Amino acid sequence: MSFVQTYRKPKVFGLAVLGALVLGALAGWLGKGTWLAPVLAKIGSTFTALLQLTVIPLVFTAIVVGIASLRNLGGGRTAARLGGKTFLWFAITSFIAVLIGIAVASIVKPGAGLQIEPAAGAVDKLAKRASGSWQALLDNLVPTNIFSAFTEGDVLQVVFIAVLVGFAAYALGDKAAPFTNLVRSFFDIVQKVVGWIILLAPIGIFGLIGNAVASYGNSFVKPLFSLILAVYLGSALVLFVVYPVLLKFVGKTSPVEFFRKAGTALQFAFVSRSSGATLPLSRKAAADLGVPDEYANFAVPLATTTKMDGCAAVYPAVATIFIANLFGIQLSVWQYVAIVGVAVFGALATAGTTGWYTMLTLTLSVVGLPPQVIATGVAVVYAIDPILDMMRTATNVAGQITVPVVVARGEGLIEEPAAPAEKDLVNA
């Protein structure tokens with residue numbers, strides 16, 4: 001067996017990814033302040049850019065093919081039921097996650113007694129940035145130009161277009177077969193390219209984690225440790241307790257098997273800080289766990305843009321309480337209810353590259369904190385956002401894989417627990 005064939009085996013590839021994490025962290029520690037730091041940054045950013053390049057075509061083709069293929073799973077009622085259950089579990093897990101975020105923040109009390117004054121320039125810059133709002137969400141949902149959504153990389157608008165096109169193709173049935181086959185062929189081509197890029201994951205992860213260690217270091221962590229602790233603890237409870245419980249008792253799937261097959265996706269999500277860039281790995285993990293391609297192609301891309309328990313539930317709850325504590329503001333019961341409501345119903349606002357910022361400012365605005373408090377508080381948390389975003393994104397991706405598994409199992413689409421298989425990573 002050749003080296004390339006051996007390398008493609010999941011167990012070998014997984015060990016390569018773990019090795020890259022360790023070596024990358026060591027390289028970042030040794031290379032801090034030297035020529036090595038920008039080299040690590042370039043390696044990581046190039047790999048992320050390669051995956052980001054596939055996100056828009058993968059989201060569009062996967063959703064169109066996925067919706068059109070739902071006909072093979074039982075017709076219109078089945079498709080409607082699958083879509084309804086998917087969104088229901090999105091809401092349920094977001095509700096649980098935001099409650100955990102509030103509980104953890106209430107115990108840890110991040111920001112209490114802390115005296116921090118961000119740079120005036122940072123406050124002014126963020127104050128001018130467009131904040132999250134329901135109106136902005138609605139305005140940005142429907143593109144004014146179908147082509148601009150693709151050229152500008154607006155993921156939420158691409159999802160909107162893909163859903164419309166997918167349901168139109170579903171409704172037309174055989175009449176749309178030539179178009180559906182063309183899109184399916186394009187989807188297969190994108191999948192092949194993604195498979196090649198994924199083989200470079202250990203190199204990309206080496207650069208990403210190395211750059212993170214070289215850039216942030218210990219001095220980045222100390223001043224706001226209570227906030228970091230609360231975000232990581234809340235996210236960890238969702239990632240390692242809530243999801244495994246759902247998988248075990250609802251999804252009838254072994255949590256150990258889940259983390260074994262989704263491990264590479266979670267590791268990459270942690271170091272890349274991008275659910276979109278992790279989408280190819282997330283979709284593959286769901287398929288490896290037994291979710292049929294017809295449903296996985298619909299649910300996972302949709303979850304990637306709208307299902308973010310880390311960024312849209314745990315983090316806004318913790319950060320809002322942190323900012324309130326920082327300024328000595330006592331939140332009322334109704335303000336806590338508002339935090340929960342935004343987390344459950346505002347997930348769409350997190351779509352795109354500015355998701356955490358949009359969701360946090362939307363939550364702060366709904367809670368009713370003064371504009372100056374919002375601007376100053378966001379400037380404080382912004383300083384350590386890269387560290388927070390690692391755990392948030394890993395939690396996001398875990399939820400984006402968990403929900404399709406739970407729904408597919410409940411619908412009888414997964415007959416038996418997925419058996420271990422030594423698949424070729426490119427052709428899987």
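Which helix holds Leu 36? Select Leu 36 and see: this residue is found in helix α3, residues 36–69. Keep in mind throughout that this is a predicted model.

**Stop 1: Leu 36**

Show the neighbours of Leu 36. Leaving out residues up to four places away in sequence, Leu 36 touches Ala 27 and Gly 31. Leu 36 and Ala 214 are 178 residues apart in sequence. In space their C-alpha atoms are 8.9 Å apart.

**Stop 2: α4 against α15**

Two packed helices are described by the angle between their axes and the distance between the axes. Select residues 76–108 for helix α4 and residues 309–326 for helix α15. Their axes come within 8 Å and cross at roughly 25 degrees. Angles under 35 degrees count as roughly parallel, and α4 and α15 are therefore roughly parallel to each other. The crossing, as α4 passes α15, is right-handed.

Next, show side chains where the two helices meet. On the α4 side, pick Thr 93, Ser 94, Ala 97, Val 98, Gly 101, Ile 102 and Ala 105. They meet Asp 309, Ala 313, Val 314, Ala 317, Val 318 and Ile 321 in α15.

**Stop 3: α15 against α16**

From α15, the contact uses Ala 312, Ala 313, Ala 317, Thr 320 and Ile 321. From α16, Tyr 336, Ile 339 and Ala 343 take part. Look again at Ala 313, Ala 317 and Ile 321: they are among the α15 residues that meet α4, and they are also among those that contact α16.

**Stop 4: α13 against α14**

Select residues 275–288 for helix α13 and residues 293–306 for helix α14. The packing angle is about 150 degrees, and the axes are 9 Å apart. α13 and α14 are therefore roughly antiparallel to each other. Their crossing is right-handed. Colour the contact residues of α13: Ser 275, Gly 276, Leu 279, Ser 282, Arg 283, Ala 286 and Ala 287. Then colour those of α14: Asp 293, Ala 296, Asn 297, Val 300, Pro 301 and Thr 304.

**Stop 5: a salt bridge**

Side chains of opposite charge can pair when their charged atoms come close. The count for this model comes to eight salt bridges. For one of them, select Glu 411 and Arg 81, whose side chains meet at 2.9 Å, N to O. Glu 411 lies in the segment after α19 (385–410) and Arg 81 in helix α4, so the pair ties together parts that are 330 residues apart in sequence.

**Stop 6: a surface patch**

Switch to a surface view. Select Phe 225, Leu 229, Leu 233, Leu 237, Phe 240, Val 241, Val 245, Phe 249 and Val 250. Together they form a nonpolar patch on the surface, with about 790 Å² of accessible area. Click Phe 240 to locate helix α11, residues 225–249.

**Stop 7: two loop lysines**

Most residues other than glycine have a negative phi. Go to Lys 252, in the loop between α11 and α12 (255–272). Phi of Lys 252 is positive, near 50 degrees. Finish at Lys 109, in the loop between α4 and α5 (120–127). Lys 109 also has a positive phi, about 55 degrees, although it is not a glycine.

Terms used:
Residues numbered from 1 in each chain as written. Predicted model: local features only at pLDDT ≥ 70, side-chain atom pairs only at ≥ 80, totals over all residues. Heavy atoms only, no water. Patch = residues over 30% accessible without salt bridge, like charges linked within 9 Å, V, L, I, M, F, W, Y side chains within 5 Å. Areas by Shrake-Rupley, 256 points an atom, 1.4 Å probe, with all protein chains shown as cover. Salt bridge = Lys/Arg side-chain N within 4 Å of Asp/Glu carboxyl O. Helix = DSSP H or I, 4+ residues; strand = E, 2+ residues; numbered from the N terminus. Axes fitted to C-alpha atoms, helices over the stretch in contact; angles between N-to-C directions. Parallel < 35°, antiparallel > 145°, perpendicular 65-115°, else oblique. Left-handed = near helix turned anticlockwise from the far one by under 90°. Contact = heavy atoms within 4.5 Å.
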